[in-house]
Amino acid sequence: MNNIIYLDTAASALKPESVIKAEMDFLHESYANAGRGICARASNVDNLVANARARVARFINAKPEQVVFTAGTTDGMNRIAHIINDKVCGTGLKNKIVMVSDLDHHSARLPFELLYDSDSCNIVLCPMDAQYNLMCSNMQYADVFVITAMSNVMGIPQDVAGLVAAARKKNPDVITVVDAAQYVVHSEIDVQKWDCDFMCFSAHKIGADTGLGIMYIKNPERWISPDKFGGGMIAKITGSAIEHNVAFQWEPAPAKFEAGTLPVTQIIGLPAAIDYLVANRPDLNLIKYLYDRFVKNPRIRVITPRDSTLLTFYVPDMHILDFGALVGARGVCLRVGNMCASWIHRVLKLDGTARISVGSMNTMGDVVRAADIIESVVK
Ligand SMILES: Cc1ncc(COP(=O)(O)O)c(C=O)c1O
């Protein structure tokens, strides 16, 4: 297994030692639940969770109460669709216009596409230019705007602040939702500059553990009803359906959006992952090297531009799964298929592509070896 060249960070990042150590120390020495106990051990966990939340808040330029722990980007985007589609708040999406784009991952767009059936919202597309970037010009009216800050196929940062501002010009009340699952790996996020209403990313893509994500909410108290109910989010219950009087008070945010036990171990590894990422962003010269080499190879068609954060390509006359299996058998771990981004593949008129993405731990030696193997397989 150690001869594997791991070039699939866009799917999930390898874990720095500091993250593994933070989690192991916690599991060995100080494990307890969060938000449940008052003994010293439980209070210590509460402090660790609060510190992690504060670290995330600094990382994205938010306030701690705007940071909600979720299970990942997919969980966050599904939850946002339900939080927005809230008839109690008067924000139900019936007859509303939801703008999505062909850059979207299935996780970002499907939760809204599926509301089309259940709540009959109208889905419209944000236009893209010839380089597959979302266009701020010709912005149409939308009630909700789902923005993919960086596509996992094209790897180019989008002008999120410009897109949010353009959508607000058309409708000052538009609700903007940003999928930052890939963007967060390569660029600093400033939610105040973006001025978005919601933003999500997954911890596992930045070197922390699986089962954890972040959902930023600009105005958490605006969304009166949370989308999940259970322990830890109720301040007081004063009635019940048995008495024909369902009466309770939520805790203030973020607890209101965090029903049930949190993924405490993963949360405790998260600050170490953020510290490591900020000090060691992936070296994109590795992608440029591959680009310069593969554009000269007549057997390979590169789709992404040279300044992309990843390299997406295909091999004419070779099924992409055959290609993936052949290079995989030789130790190159990359992603092949539709990348859970079917819409951009439909635009590209391709069933699937291959994607190389690098992480903080990859070296030039890795990509040189991988390129040698790939070129030997396609020749
Ligand atoms: C752009 C984008 N959005 C959303 C997701 C979903 O992330 P997760 O599977 O961690 O929920 C991914 C994962 O590949 C992604 O690349």
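The protein chain folds into twelve helices and 15 strands, where helices (H or I, at least four residues) and strands (E, at least two) are DSSP runs numbered from the N terminus. This is a predicted model, in which local features need pLDDT of at least 70, side-chain atom pairs count only at pLDDT 80 or more, and totals for chains, interfaces and linings use all residues. Residues are numbered from 1 along each chain as its sequence is written, and side-chain values use heavy atoms, with hydrogens and water left out.

- Seven strands make an open sheet with mixed pairing, in the order 2-8-7-6-5-3-4; two strands pair if DSSP finds at least two bridges between them.
- Strand 2 (67-70) and strand 4 (122-125) are at the edges with a single partner strand each, so one side of each has no neighbour in the sheet.
- From one strand to the next, the twist averages 20°; axes are lines fitted to C-alpha atoms, for helices over the stretch in contact, and angles run from 0 to 180 degrees between N-to-C directions.
- Strand 5 (residues 144-148) and strand 6 (residues 175-179) run parallel and are joined by five bridges; Val 146 has Val 177 in strand 6 as its bridge partner.

**Helices on the sheet**

- Helix 2 (residues 40-60) lies across strand 2, strand 7 (198-202) and strand 8 (213-217), at about 115° to strand 2; contact means heavy atoms within 4.5 Å.
- Helix 3 (residues 73-84) lies across strands including strand 5 and strand 6, and runs at about 160° to strand 7.

**The whole chain**

- Of the 379 residues, 54% are buried (under 20% relative accessible area, 1.4 Å probe, protein chains only).
- The C-alpha trace spans about 75 × 55 × 35 Å along its principal axes.

Conventions: Buried means under 20% relative accessible area, exposed over 50%, partly exposed in between (1.4 Å probe, protein chains only).
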